[in-house]
Amino acid sequence: MHIENLSTLFHTDEGVVPAVRNVNLKMERGKTLALVGESGCGKSVTALSVLRLINTPPGEYASGKVVFEDEDLLKVPEQKMEAIRGNEISMIFQEPMTSLNPIFTIGNQVADPIVLHQGKTSEEARALALDALKQVGLPSPAQRIDQYPHELSGGMKQRVMIAMAVACKPKLLIADEPTTALDATVQAQILELLDSLQKKTDMAILLITHNLGIVAQYADRVAVMYAGKVIEEAPVEILFETPSHPYTRGLLNSLPQDDPGKKLEAIPGSVPHPGYIPEGCAFHPRCSKVMPHCKTLLPPQFPIPESKDHKAACWLYGEPEEGTP
Ligand code: SF4
């Protein structure tokens, strides 16, 4: 599946806010694509656009396509979209308490999409829900299946969310900051779980995170977003070895290093409000390499010399075409 030239904007009292700007991404079976960037850079709006979960209005899919099995999901009837959501494409969110319904048992909640999408009886769905709870490593699943969300720890709730998301064996799983609300040990267990489920089912994963440590360990490919655009994309090992966009370099320099003597460097300034994106390269007010034309001309994606399958939207890697004002 792929996203082609997607732009999603919001109509607000203060004007039009372009949250996602001409984004192109490709998700492949059995692979994890990480979408990284600071909060407000457009990662979650991109994910919600894939599932067509943005309220329109105030949102609008202003351009582009979300192509899944040769169809543009932005154009299919809502009824078809309902058959795809939670079935062929599933999503897990960072805060399981906001997604689990407190008044239903976890067994009912995991069985629901199985009844809805696979036409199973409630008994068959319960058996499949129990299998899914075992598969995600929920302790004592036969007892837990009749419990309510408040009786489970944060890590267990996230396992239940994953069971709901994978119960119908989706082709694509979108994981939006799936471990942010969890402590470090549980985070690692949940990510290992996603990794092992992917190996078993060959699903594609779109992993949305601001945590580059997670990316290094679990992603195959990385797309870095800034101010609604993908500004660098590469296979994970190449991005970490030769980060090329000044923003990506800044993100990596702000990570704790192996060398405890090395000072962490914060990127100066802050992410622009999506309603006030600077002209030209949106990163220019924060960039130490800024050149005069960066302030007026939007850089396209340029291939990075001597690096394979790697591109960055930065004027350090290409010249404006002749005649451009
Ligand atoms: Fe910096 Fe210019 Fe590259 Fe933007 S285009 S990141 S301002 S060098």
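At what angle do the axes of helix α4 and helix α7 cross? I looked it up: the axes of α4 (residues 106–118) and α7 (residues 154–166) cross at roughly 25 degrees and come within 7 Å. That makes α4 roughly parallel to α7 (angles under 35 degrees count as that). Axes here are lines fitted to C-alpha atoms over the stretch in contact, with angles from 0 to 180 degrees between N-to-C directions. Helices are DSSP runs of H or I with at least four residues, and strands are E runs of at least two.

Next I checked who touches whom, with contact meaning heavy atoms within 4.5 Å. From α4 I noted Ile106, Gln109, Val110 and Pro113, and from α7 Val160, Ala163 and Met164.

A note on the source: this is a predicted model, where local features need pLDDT of at least 70 and side-chain atom pairs pLDDT 80 or more, while totals for chains, interfaces and linings use all residues. Residues are numbered from 1 along each chain, and side-chain values use heavy atoms, without hydrogens and water.

Then I turned to salt bridges (a Lys or Arg side-chain nitrogen within 4 Å of an Asp or Glu carboxyl oxygen). The structure holds 12 of them. One joins glutamate 88 and lysine 171, at 2.9 Å from N to O. These two sit 83 residues apart, each in a loop. Glutamate 88 is partly exposed at 22% relative accessibility, and lysine 171 is partly exposed at 26% (buried is under 20%, exposed over 50%, partly exposed in between, with a 1.4 Å probe and protein chains only).

Last, I found glutamate 233 paired with arginine 221, and both are buried.

Definitions and conventions
Angles under 35 degrees count as roughly parallel, over 145 as roughly antiparallel, 65 to 115 as roughly perpendicular and the rest as oblique.
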